[in-house]
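Work through the following exercises with the sequence and the model at hand, and try each task before reading its solution.

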Amino acid sequence: MTMSAGWYLRRLSRMGPREVGGRVGDAVRRRRWRSAPPDCPVVTGARFTAVLPTGTIDAVPPDAAKRLVADADRLMAGHAEYFGVARDDLADPDWCLDPKTGRRAPWGYAFDVPYRNEDAVGDIKQIWELSRHQHLTVLAAAYAITGDERYAERVAEHLRTWWALNAPLRGVHWISGIELGIRLLSWVWVRRLLDGWPGAAGLFEGNPVALHQIWHHQRWLAAFPSRGSSANNHIIAEAAGQAAAACAFGWFPASARWRADALRSLERHLRSNTFASGLNRELATEYHGLVLELGLAAVAEADTSGVPVPESIRLVLLRMADALAAVVDGRLRPPRQGDADDGHGLVVDGEGTDRWASLLATGDAVFGRLAWWPAVTGTDVRTPLLAALIRPYAKNGTAPAVTRPASRPSHFADAGMTILRGPAEIWCRCDGGPHGFLSIAAHAHADALSVEVRHDGVDVLADPGTFCYHGQPEWRQYFRSTIGHNTLRVDGGDQSVSGGPFLWTRHARSRVLIADTDGASDGGTARWCAEHDGYGRSVHRRRVELTAARRELRVVDEVRGPRRAAQLAFHLGPAIAADLVGNRAVLTWTRDGEDRSALLDLPEQLSWRAHRGETDPPLGWYSDGFGRKQPTTTLIGTGMSDGSALSAEFTTVLRFRG
């Protein structure tokens, strides 16, 4: 995908004067660095002291260690999968290869590489992911657990080849600050986990090439922070990586300044990226997880190095942990809201480790779980490692008194998210919040008033996910469109107007009118109602009622305004089979060997049709991870709102049986 002149004009229109000025300064600096790059100072006597406390590795649960070592062995054999594409070349990888298209990113001055153009570069996510070096933290962790030097030697081989082939400011890996920030964080943990291996010091602090790379990464991040309308999770990754490296690798004359600046940036942007309720302002759940991981990792480095951390950082992370505990379903799955790209801040666990259970376990270890938090039964490697480095919040003498929720929150007014819960683990997310974060709302979807319904952790009415970012515009558009969510579309248009793959030029405004979430707890009815203005002269209002005694969810859609064409979409999860006859669908699925079912009675004013795995245009798909999609059933009702009245109502009833 190559961005047009129109896209650049639309993008410019979403910036303020300060951001424009900062970007002009960035452009001047890039031009200057092309001919006169900054020089790395000479470093002598560097020592790495940010080691794990004695006995930390012994605290890793055996089953978590087993999963990790199994993953490390697959990596040693050269095998891995990134975004649905299998790779078998990881014994000696091509760092600039996109295995999906077979293209190699061109060499040259970093800021000349057209990374958004898949025809010239390949899929940039595929190329960048391996160079986050999170496979190396897995190998290094396997060394720390087993003492097998094969893992350490492979890490050293990869780092030396990467450093040799990716000189500062040359090539595709010096373009994006989030990549540099996460890579620095990986290097810090690689060095820590390799401590005890005889070659560790010679690979890092005793290696002029490593020092050169570490310095240039930090100099780059200091020079080119994400700005203004781009100051979302990217600036958090940049600040966290910079803070971590400046603490653990504090060997340079500028280290103290970089460290202080990074912690100030982290404090400022963690606060600006997080609602007071603790939910991430991008309203994209996976980025909530990413930001929480990055923040915890940064605090771990500061605490290990004895560097004071602004208490507001810990407070935001505490609120984020509580919010995560509040919104997950009975199987510890969070909402599937907004964009998701499988991004992680720190990876030291093997396949099969539950990311969200791991974050909740770390939250418990660092902040202490509240009585209403869901139980975490899984194990992980990361929690004991981070817990050994971070000062527990309750034992931090400078921590302010904090009032935490006495009971499980279900309505997050600032984020517009409401969770309705019923018997047999009926879980329903209702969306009445803002359209994303900042002026471009980069990771938002046109999903106002959408619902997401699960039964015992199984997606019944599902959010289809994300699938892709670059290179496949028709799929990018579908997965973030209004018709791609469980909500109402009017006159064939989206509620918000897209200006590009990470740009919205008009944002639908939603407001929650009713959020009574307590009724279902005693067998009664929980109620939610919200509306949005995304359809001009028409207002879409939706009411949702969950009646516990009847195990019934009722959704009433109202269109107020002139007669309009209406389409109502319900996307079923991939485990759900549907038999649609007229306006009734019988839904069946299996959970833990037991047959389950539900009846879905759809509005009779609309003409209903089931769609599955269609491509022209895309319809009937579910993405369970970035780069992966599978056919699923989507039910679409088509008709007209009633022009003879001021409003038209469409009622949908979902009844769970058994």
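**Exercise 1.** Find which helices are included in what covers the buried residues of helix 7.

*Solution.* In this predicted model, local features need pLDDT of at least 70, side-chain atom pairs count only at pLDDT 80 or more, and totals for chains, interfaces and linings use all residues. Residues are numbered from 1 along each chain as its sequence is written, and side-chain values use heavy atoms, with hydrogens and water left out.
Step one is to list the buried residues (under 20% relative accessible area, with a 1.4 Å probe and protein chains only): in helix 7 they are Y151, A152, R154, V155, A156, H158, L159, W162 and W163.
Step two is to look for contacts, meaning heavy atoms within 4.5 Å; the cover includes helix 3 (62-76), helix 6 (134-146), helix 8 (177-193), helix 9 (200-203) and helix 10 (208-223).

**Exercise 2.** Describe the protein chain as a whole.

*Solution.* Begin with the elements, which are 17 helices and 25 strands. Next, the C-alpha trace spans about 80 × 55 × 45 Å along its principal axes. Finally, of the 658 residues of the protein chain, 60% count as buried, and among contacts between residues at least 6 apart in sequence, 72% join residues at least 24 apart.

Terms used:
Helix = DSSP H or I, 4+ residues; strand = E, 2+ residues; numbered from the N terminus. Buried < 20%, exposed > 50% of the residue type's maximum accessible area, 1.4 Å probe, protein only.
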